[in-house]
Amino acid sequence: MSENSSEDEPDAPTQAPSDSPRSPRPPWGEFRKALEAAGFRPSRQLGQNFLLDENAARAIARDSQVASGDFVLEVGPGCGFLSVHLAHAGVHLLAVEIDDRLAPIAERFLDPYPNAKVVVGDILKGKHALNESVLTDLPADGGWHLVSNLPYSVSAPVMALCAGLENPPASMTVLIQEEVAQRLLAKPGTREWGPLTVGVLQSFTAERIRDMAPALFWPRPKVQSTVVRLTRRGSLLPAEARRFRSAFAARLMRQRRQSLARVLKDMFSSREQATQLLTSCDIGGDVRADTLGLEELWGLAEGARGLGWLPEQS
Ligand code: SAM
């Protein structure tokens, strides 16, 4: 989340009604005192838009469909507003927060839940990898879920890198900017259909779950937000093969508005190889890269692998 319109508090953050089952979240006043004591001002760069609305946070925990005993990774717990609902559902929670002013606040609010752990750290290691120490804490068999109100600056890389893991999560339930959600839900031939879409959709199916208005956050973002649930597909290729396909698709999309004949000619040493690849996949050279669906892209990617094409080293 990012792009704040103001740093004002929301009019009335909702709390669970007092007669509902035990509310896991402390009242707003207590939270505000902790933030003031820490001299905290939200950082736009870190996408710090906290989900003050308790019903919305509870809804996301429910949308994720995680259950007691599941392993959940949360990126950016902030003060723990979503985390407490996940912990309350009985999951094993690993919450990774970059801001060392916030982590102790989340930790304190999560104190009643022995299965919840907050670590201070950056979920990313550079631009192209996830934090290794976090990865070693994830179940090796992929029996884990990502549930997060993701900071805007890292939302696309976090989802793409999780999808490219050897053990990708069984599901990712993410609150993201509407514009990023549209890229995950896009169809071929649209402006939004791009490297993020195809990189994630080769391993996951995507559903729009609900929209969230700016008034539910503090500070209010300028844009709408959306909850998307990504569910891992049944059988996946090995990670190396999935990453190759994603890299091939991303390379094609760099010249998305040009004809495939032109793009492939730039990617291969000879025009003949480009023609051979298109013929073997039964795709016309005048077709544009951004109109290809997943099956066509993966057919071309496998053909390109056979012809010895290699992704650029990042
Ligand atoms: N989960 C909280 C909520 O819903 O109220 C906070 C969500 S806020 C949109 C994003 C959080 O991610 C912030 O607490 C921010 O400090 C943290 N964050 C930003 N970049 C991060 C990174 N690279 N690694 C880990 N946490 C990060």
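Predicted model: local features only at pLDDT ≥ 70, side-chain atom pairs only at ≥ 80, totals over all residues.
Q: By class, how many nonpolar residues has the lining of the largest cavity?
A: The residues that line the largest cavity include Leu73, Ile123, Asn131, Trp144 and Cys162. By class, this lining has no charged residues and one polar residue, and its count of nonpolar residues is nine.

Q: What volume does the second largest pocket have?
A: The second largest pocket is lined by 28 residues, and Leu46, Val75, Gly76, Glu97 and Pro151 are the ones that lie nearest its centre. Elements that give two or more residues to this lining are the strands β2, β3 and β4 together with the helix α6. The volume of the second largest pocket is about 380 Å³.

Q: How many charged residues are in the lining of the second largest pocket?
A: Glu97 is one of the residues that lie nearest the centre of the second largest pocket, and Glu counts as charged, whereas Leu, Val and Pro count as nonpolar and Gly as polar. Over the whole lining, the residues divide into 16 nonpolar and nine polar, and the number of charged residues is three.

Q: Which side chain has an N or O atom 2.6 Å from an oxygen atom of the ligand?
A: The ligand is surrounded by 23 residues, and among the closest are Leu51, Gly76, Asp122 and Asn149. An oxygen atom of the ligand is 2.9 Å from an N or O atom in the side chain of Gln48, while a nitrogen atom of the ligand is 3.5 Å from such an atom in the side chain of Glu74. The side chain that has an N or O atom at 2.6 Å from an oxygen atom of the ligand is that of Glu97.

Q: What is omega for the peptide bond that joins Trp218 and Pro219?
A: Most peptide bonds are trans. Pro219 is found in the loop between β9 and β10, and the peptide bond that joins Trp218 and Pro219 is cis, with an omega of about -10°.

Q: Where is Asp282 found?
A: Most residues other than glycine have a negative phi. Asp282 has a positive phi of about 55° although it is not a glycine, and with a relative accessible area of 72% this residue is exposed. Asp282 is found in the loop between α11 and α12.

Q: How many disulfides does the count come to?
A: A disulfide is a covalent bond between the sulfur atoms of two cysteines. Cys79 is buried, with a relative accessible area of 1%, and Cys281 is partly exposed at 23%. To be counted, a pair of cysteine sulfur atoms has to be within 2.5 Å, and by this rule the number of disulfides is zero.

Definitions and conventions:
Residues numbered from 1 in each chain as written. Heavy atoms only, no water. Buried < 20%, exposed > 50% of the residue type's maximum accessible area, 1.4 Å probe, protein only. 1 Å grid on protein atoms, 1.4 Å probe; cavity = no way out; pocket = protein on both sides within 12 Å on 5 of 7 lines; lining within 4 Å. Points joined across faces, edges and corners; volume = space filled by probe spheres on them. Helix = DSSP H or I, 4+ residues; strand = E, 2+ residues; numbered from the N terminus. Near = heavy atom within 4 Å. Polar contact = N/O pair within 3.5 Å; in protein donor to acceptor, adjacent residues only side chain to side chain.
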